[in-house]
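This briefing concerns one structure and is arranged by topic. Please keep the sequence and the model at hand while reading.

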Amino acid sequence: MAIDVESRPAGSTAPNPLRAGLDSGRIADPCNVVFFGASGDLTKRMLIPAMYNLRLGDVLPTNFGIVGFSRSAKSSESFRHEMKEAIDTFSHSGEAREPLWSDFANRVTYVSGSFDDTEAFRSLKKQLDANDEQLGTAGNRLYYLSTPPGVFAKIVHQLAAAGLGPREQERGWSRIIIEKPFGTDLDSARALQTEVNRVFDEKQVYRIDHYLGKEPVQDIMALRFANVMFEPIWNRLYVDSVQITAAETVGVEGRGGYYEQAGALKDMIQNHVVNLLALVAMEPPISPNADHIRDEKFKVLSALRPLREDDVPRLTARGQYGPGLIEGKPVPGYREEASVDPLSTTETYACVKLFIDNWRWAGVPFYLRSGKRLAHKHSEIAVRFRGIPHRIFGEAGDQIENNTLVLKIQPDEGVSIRFNAKIPGQKMHIRGVTMDFNYGTGFGVVSAPAYERLIADAMRGDATLFTRWDAVERAWETVVPILSRWADSPIVDFPNYLAGSQGPQNADALLVGDGREWRRI
Ligand code: BG6
């Protein structure tokens, strides 16, 4: 029998009373999921374990099939074997269990072929038609492009040519999940969009940003729109500034080739961090409908003050890590990583100060930063409120701090509020204290990896947590002047921060001039 992992408190087999009476989330439509790039790292580490855990949690439809497609020649049998190893190694629920695994494995097949090979796509069609017959998958197809971005357009074209596009199909639905990056700049993103639209309508396209599948990111909306006490002060009258941080301790993890072309601005800020900004700054949507939410996110991005290239040096900073210590262990600098140019000028740290020119946020700076090999893995959104308007405590109030609300995304997931309180004692002394809410202890569950939620949503046809084209385009428009100015300005001081540090010193200049400072990572 399937175990509803979501309903169990961490490490326990007893039902979780906090979930009693909640909808199980089971997906109704039978369907096939095709993973392109099936031999890749993401498929092994994340996607197949996610599918298995969705099955374990009884979320998958009763009738489902999985087809792996990639260049490496192998049989379905050896693909299943590799996928079992992947689950045993990477699944958060531990090793694959019987009899569940055997039932799961019977639904997994593999088609090998190059993305140029029309014949291989015809074989894929045969396999999918066979699955419809044998597994009862009713012609419904979810394609997941987890390949290098250079072949996205080619795959989309081949799907249509082999009669696998939504417009060719006789029954059922087709949807496509596209991994990031969607384009490498504004022009290439627009060109890709044109190609994708030749085959899929926007409603059938699911651009994945795994940050949006993280529980605390989804909770931003719950915090803002399921409570009455935050919204009245969520504006320029009460908010002093907002800092959004996505800091990592890892380096480029063997992805030097890709990262050399990307850099921190494209890899993290243009997508994950900008999406966080949109969620924290948007107006309340009129309903939880995907387009109502995405309309509001788009409006925020449309209100971002365009950066002029001349402003780039004042409003941004970049850095690259040199050798240093992470958790006490020596690590190489970026230029010493595999597949990285020893004179590379790619940034591994980026920060930018943005303004949202609308009624709610006029004049409030949003400071965004992301970097690799920083002191801690730490992602958060910190909303800092203005100071009190009048001080009545004299010296006793010297340590009064601005209130801060922190939405903690990872590794701790929760919310913390910093406010001022009297220190117990005869005299009036006031100091900042922190009140913490933690999802793990609060709800007694460990959050599932983002990919589980996102794949399940795409199977359900819920695009809320996926990025719509207009938002992707706006995000590119926002970073293009930075990329262009950076490309034109020579870098003399890279590497300019030590691995394991708080990042480059030049990042401080962005805030110091405003009388503020970065929160500690
Ligand atoms: C990916 C980036 O999108 O996000 C990686 O390409 C980065 O460079 C990763 O390491 C961070 O994701 P997470 O979930 O570990 O914060």
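Is Gln410 buried or exposed, and what is its relative accessible area? Gln410 is buried, with a relative accessible area of 12%; buried means under 20% relative accessible area, exposed over 50%, and partly exposed in between (1.4 Å probe, protein chains only). This is a predicted model, in which local features need pLDDT of at least 70 and side-chain atom pairs count only at pLDDT 80 or more, while totals for chains, interfaces and linings use all residues. Residues are numbered from 1 along each chain as its sequence is written, and side-chain values use heavy atoms, with hydrogens and water left out.

**Gln410 and its surroundings**

- Gln410 is found in strand β15 (residues 404–410); helices (H or I, at least four residues) and strands (E, at least two) are DSSP runs numbered from the N terminus.
- The side chains of Gln410 and Lys214 make a polar contact at 2.7 Å. A polar contact is a pair of N or O atoms within 3.5 Å; within protein, one must be able to donate a hydrogen and the other to accept it, and residues adjacent in sequence count only if both atoms are side-chain atoms.
- With neighbours within four places in sequence left aside, Gln410 is in contact (heavy atoms within 4.5 Å) with Tyr211, Lys214, Lys377, His378 and Ser379.

**Ligand shell**

- The residues around the ligand (one heavy atom within 4 Å of it) are Lys180, His210, Tyr211, Lys214, Glu248, Arg255, Asp267, Met268, His272, Lys372, Lys377 and Gln410.
- This shell divides into 2 nonpolar, 3 polar and 7 charged residues. Ala, Val, Leu, Ile, Met, Phe, Trp, Tyr, Cys and Pro count as nonpolar, Asp, Glu, Lys and Arg as charged, and the others, Gly among them, as polar.
- Helix α8 (residues 256–281) gives the most to the shell, with 3 residues.
- An oxygen atom of the ligand lies 2.6 Å from a polar side-chain atom of Gln410. For Lys372, a side-chain N or O atom is 2.8 Å from an oxygen atom of the ligand, and for Tyr211 the distance from a polar side-chain atom to a ligand oxygen is 3.2 Å.
- Taken alone, the ligand exposes 400 Å², of which the protein buries 82%; accessible areas come from the Shrake-Rupley method with a 1.4 Å probe, and for residues only the protein chains shown count as cover.

**Aromatic pairs**

- The structure holds 23 aromatic pairs. Rings of Phe, Tyr and Trp (its six-membered ring) pair if their centres lie within 6.5 Å; planes under 30 degrees apart count as stacked, over 60 as edge-to-face and the rest as tilted.
- The rings of Tyr143 and Phe200 are edge-to-face, with centres 6.4 Å apart and planes at 70°.
- Tyr143 lies in strand β4 (residues 141–145) and Phe200 in the loop between α6 (186–199) and β6 (205–207), so this pair ties together parts 57 residues apart in sequence. Both Tyr143 and Phe200 are buried.
- Tyr321 and Tyr497 also form an edge-to-face pair, 6.3 Å centre to centre with 65° between the planes.
- Tyr321 lies in strand β9 (residues 321–322) and Tyr497 in strand β18 (residues 497–498), so the pair ties together parts that are 176 residues apart in sequence.
- Tyr321 is buried at a relative accessible area of 1%, and Tyr497 is buried at 3%.
- Ring pairs link Phe36, Phe69, Phe115, Phe121, Tyr143 and Phe200 into a cluster.

**Pro288**

- Pro288 is placed in the loop between α8 and α9 (290–303) and counts as exposed at 69% relative accessibility.
- Leaving aside neighbours within four places in sequence, Pro288 is in contact with Ile293 and Thr464.
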